[in-house]
Amino acid sequence: MGKAMEHKPIRKVLIANRGEIAIRIMRTCREMGIRTVAVFSEADRTAMHVRYADEAYHIGPAPSSESYLNIDKIIGTAKKSGADAIHPGYGFLSENATFSRRCREEGITFIGPSPESIEMMGDKISARKRMIAAGVPVVPGTTDRVTDEAEAIRQIKEIGLPVMIKASAGGGGRGMRLVHKESEIASLLRSARSEAKTAFGDDAVYIEKYVDSPHHVEFQILSDKHGNTVHLFERECSVQRRHQKVVEETPSPLLNPEVRSRMGECAAAAANACNYSGAGTIEFIMDDQRNFYFLEMNTRLQVEHPITERVVGVDLVKEQIHIAEGKPLPFKQEDLKQNGHSIECRIIAEDTDNNFMPNPGTITHITEPFGFGVRCDSYVYEGYTIPIHYDSLISKLIVWGRTREEAIERMRRALSEYKITGVKTTIRFLERIMESEDFRSGKYNTHFIEKNSAFLHADGICEKQIEDIAMIATFAEYYTRFEESKITNSTPSVKKETNWKRQIRKFTSRI
Ligand code: MV4
């Protein structure tokens, strides 16, 4: 039995993160009887994750480069607190191969994949090569880096315009160039390479055929350290803006059972091709004809993981911990089924009417939605000030329904209950998405927000306002008749007129 096969129980976990995901992870730890250690920056002294944890340690000033990204500080705190494992959450150090390696060297269990897997998938050119070898479809394009301009032109002529030039060290939309015309190739190749060099310290780029109006469909996978991999089906993530997802749902309205099972097999093959262990996500792009291509792998737990948890009925953090302990997966592929439909909305502190500018500040009032089929993964409280130093995600609202229609109606109900004052949020914008014809029909792709921008931003009248207006109209009608019935030999007095207006105001004070 090799070292990886050893069973190493986890008794205490340091969560190297903040916000809703830190609390999400701690909740599962508490259910499993595992003690939790929070770390916090200067800006997070009053943060909820600090209150929730069994113990908490200050790790540095507000900037994440000096706190949540400080590997030495976090390893040192793990040792000081006696934590035997670290969960990195998403963002920060979650896809940092150096950090995963440091944990291994220090004898701390990293709840995530090996540094080798992270490196393999972090380099998009090497990932593409592995996927081709594993029989996973990739977008037609180059298999090696492209440096020479003449070579680029020759390759692009073979692939056919339009194409995308992408940074090998990139991902998530950074360092990409769309090329429409042959005359643009030289300058776009140059600018892509110099941007990649600046952003990632690596100017390697590759070229792919451009897939027009694609869907973003990703598959959740779990791999244990005994060579078992399962997929937990897909998430449709095409409702996004500037590579930031806004709404996610599962099942995808676009898939059918045949394509779903082929994609799931490819996702599992992709994970096995890099000797993966832990929870991971295989990102595909898909055209309207349901041709799908591997794009990249995210070697971490993702923001939108709860919709998979809800429909498949698996606690992904619990499985991550069991895998890290060396336990075999407790289920086989055929044990996993999709049950009903789940949607997640990201509640973000930003001004949707002002180019989605972050809008941190103090929450003066908050009422969160509850009820059947509603989950709200949050970390804020009344009086809490959202710091300016980190991303502005307030919470994730996740609903379940037996059908997609029921899930949409439940999401509308939950959003209507959600009240936040003090900071501007995406709640109203999300309500508009739930009301839009393109979303409701399930016929949308990555251009959805752009295409429906006018509708989503229109200060449209919502149902609640219609109710109120109907009430005012009825009231006015009643009063008119009431007054008319009295106009026999006298005109209404000024006093009565004032009273009428006051009553209307009282009636309508809530809008
Ligand atoms: C593409 C593409 C079209 N063709 N690659 C954007 C994020 C990064 N993961 C890859 N991205 C894309 N790659 C080819 N060959 C279109 C996108 C893309 C996109 C992909 C998924 C979700 C949203 C997107 C929005 C714009 C562009």
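Modeller: Helix axes here are lines fitted to C-alpha atoms over the stretch in contact, and angles run from 0 to 180 degrees between N-to-C directions. Helices are DSSP runs of H or I with at least four residues, strands are E runs of at least two, and both are numbered from the N terminus. The model is predicted: local features need pLDDT of at least 70, side-chain atom pairs count only at pLDDT 80 or more, and totals for chains, interfaces and linings use all residues. Residues are numbered from 1 along each chain as its sequence is written, and side-chain values use heavy atoms, with hydrogens and water left out.

Colleague: Why are H5 and H6 called roughly perpendicular to each other?

Modeller: Helix H5 (residues 115–122) and helix H6 (residues 124–133) pack at about 95°, their axes 5 Å apart. Angles of 65 to 115 degrees count as roughly perpendicular, under 35 as roughly parallel, over 145 as roughly antiparallel, and the rest as oblique. H5 and H6 are therefore roughly perpendicular.

Colleague: Which residues of H5 and H6 meet?

Modeller: Met120, Met121 and Gly122 of H5 meet Lys124, Ser126, Ala127, Arg130 and Met131 of H6, where contact means heavy atoms within 4.5 Å.

Colleague: What makes H3 roughly parallel to H4?

Modeller: The axes of helix H3 (residues 71–81) and helix H4 (residues 97–105) cross at roughly 30° and come within 11 Å. That angle makes H3 roughly parallel to H4. Ile71, Asp72, Ile74 and Ile75 of H3 make the contact with Thr98, Phe99, Arg102 and Cys103 of H4.

Colleague: Why does Ser213 count as buried?

Modeller: Buried means under 20% relative accessible area, exposed over 50%, and partly exposed in between (1.4 Å probe, protein chains only). Ser213 has 19% relative accessibility, so Ser213 counts as buried. Ser213 is found in the loop between strand S8 (205–209) and strand S9 (215–223). Leaving aside neighbours within four places in sequence, Ser213 is in contact with Asp288, Asn445, Thr446 and His447.

Colleague: What makes helix H13 mostly covered?

Modeller: Seven of the nine residues in H13 (residues 427–435) are buried. The buried residues are Ile427, Phe429, Leu430, Glu431, Arg432, Ile433 and Met434.

Colleague: Which residues have the most contacts inside the largest nonpolar core?

Modeller: A nonpolar core is a set of buried Ala, Val, Leu, Ile, Met, Phe, Trp, Tyr and Cys residues joined through side-chain atoms within 4.5 Å. The largest has 64 residues, and Ile86, Val247, Ile433 and Met434 have the most contacts inside it. Apart from that core lies another of 35 residues, among them Tyr90, Val230, Leu232 and Val311.
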